[in-house]
Amino acid sequence: TIRPGAGWLGSELHAQFVREVFEFHVTVEQSVTDGAWVVEGPGRAGTPAHVLFQYGTEDRTPLELLTATMNNRPVTIWRTEKLTSGGERRWQDMPATAAAREKVRVIEAAFTTWVHADENRVTELETTYNVLFNSYRAPDYSTAGTRLSLPGLNPELVPHPYQRAAVAQALTSHTVLLDHVVGAGKTGTMVMTAMELR
């Protein structure tokens, strides 16, 4: 599932979605200060009737609902009525709010379907996502551990591979956690590390 409004998707993808699904042009920008999305386009009069019916309600246009979704803001419909005393009473219109929130779910589902409809778009987004969020690989110290000569080590003591890897990690990292079980040789690892650091 890909929700509209994810910052890594970019402005052009959102604008293209509106062009192809809502059938009108918009400008989409994301604020550099707070990450809020600003979507500018036609109002109710400039929205095709079938798009209004499918993605909007009487109180909110599809563009207003999409913008709220992109900014992760809940959609709530409020009503105001004049009181006989001269004041006002503000209340939440629950049926209208429920209808608007249902249209938000429809827009989110349409966005996901639209993204997955084009294989090139999926491949491009997958590559972007992997570069931004899935490109870190934890280092493997096993090979470095096997290369350690450990001068001065008692010849009768043969360190386990995980001990050698822990020593190699301690030599190259700022911090290290020896989370081995009791009796696994943490003390030996610490002594070997201290001698190597010396």
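These questions and answers go through helix packing, nonpolar cores and some loop residues in a predicted model.

Q: Are α1 and α4 roughly parallel or roughly perpendicular to each other?
A: Two packed helices are described by the angle between their axes and the distance between the axes. The axes of α1 and α4 lie 11 Å apart, at an angle of about 105°. Angles of 65 to 115 degrees count as roughly perpendicular. α1 and α4 are therefore roughly perpendicular.

Q: Which residues of α4 make the contact with α1?
A: From α1, the contact uses Leu13, His14, Gln16, Phe17, Glu20, Val21 and Phe22. By class, the contact of α1 with α4 has 8 nonpolar, 2 polar and 1 charged residues. On the α4 side, the residues are Ile107, Ala110, Phe111 and Trp114.

Q: Which element gives the largest share of the largest nonpolar core?
A: This core has 31 residues, and Phe17, Val18, Phe22, Val26 and Phe111 touch the most other members. At least two residues each come from α1 (11–22), β2 (37–40), α2 (49–55), α3 (62–70) and α4 (94–116). The largest share, 8 residues, is from α4.

Q: How many residues are in the second, separate core?
A: Among the members of this core are Tyr141, Leu148, Leu150 and Ala168. The core is separate and has 7 residues.

Q: Which residues does Phe111 touch, leaving out those up to four places away in sequence?
A: Phe111 is one of the residues that touch the most other members of the largest nonpolar core. With residues up to four places away in sequence not counted, Phe111 touches Ile2, Arg3, Pro4, Leu9, Leu13, His14 and Phe17.

Q: At what angle do the axes of α4 and α5 cross?
A: Helix α5 covers residues 119–133, and its axis comes within 6 Å of that of α4. The contact joins Trp114, Val115 and His116 of α4 to Arg121, Val122 and Leu125 of α5. α4 and α5 are roughly perpendicular, with a crossing angle of roughly 100°.

Q: Are α7 and α8 oblique or roughly parallel to each other?
A: The axes of α7 (residues 161–172) and α8 (residues 186–197) come within 9 Å and cross at roughly 40°. An angle has to be under 35 degrees to count as roughly parallel. α7 and α8 are therefore oblique.

Q: What is the handedness of the crossing of α7 and α8, left-handed or right-handed?
A: In α7, Gln163, Ala166, Val167, Ala170 and Leu171 meet Thr189, Met192, Thr193, Glu196 and Leu197 in α8. By class, this contact has 6 nonpolar, 3 polar and 1 charged residues. The crossing of α7 past α8 is right-handed.

Q: Is Asn72 buried or exposed?
A: Asn72 sits in the loop between α3 and β3 (78–82). Phi of Asn72 is near 55°, a positive value in a residue other than glycine. Exposed means over 50% relative accessible area. At 59% relative accessibility, Asn72 is therefore exposed.

Q: Is Leu150 buried or exposed?
A: Leu150 lies in the loop between α6 (142–147) and α7, and its phi is positive, near 50°. Buried means under 20% relative accessible area. Leu150 has 6%, so Leu150 is buried.

Q: Is Asp93 buried or exposed?
A: Asp93 is found in the loop between β4 (88–92) and α4. Not counting residues up to four places away in sequence, Asp93 touches Ile77 and Arg79. The relative accessibility of Asp93 is 12%, so Asp93 counts as buried.

Note on methods:
Residues are numbered from 1 along each chain as its sequence is written. This is a predicted model: local features need pLDDT of at least 70, side-chain atom pairs count only at pLDDT 80 or more; totals for chains, interfaces and linings use all residues. Side-chain values use heavy atoms; hydrogens and water are left out. Axes are lines fitted to C-alpha atoms, for helices over the stretch in contact, and angles run from 0 to 180 degrees between N-to-C directions. Helices (H or I, at least four residues) and strands (E, at least two) are DSSP runs, numbered from the N terminus. Angles under 35 degrees count as roughly parallel, over 145 as roughly antiparallel, 65 to 115 as roughly perpendicular and the rest as oblique. A crossing is left-handed if the near helix is turned anticlockwise from the far one by less than a right angle, and right-handed if clockwise. Contact means heavy atoms within 4.5 Å. Ala, Val, Leu, Ile, Met, Phe, Trp, Tyr, Cys and Pro count as nonpolar, Asp, Glu, Lys and Arg as charged, and the others, Gly among them, as polar. A nonpolar core is a set of buried Ala, Val, Leu, Ile, Met, Phe, Trp, Tyr and Cys residues joined through side-chain atoms within 4.5 Å. Buried means under 20% relative accessible area, exposed over 50%, partly exposed in between (1.4 Å probe, protein chains only).
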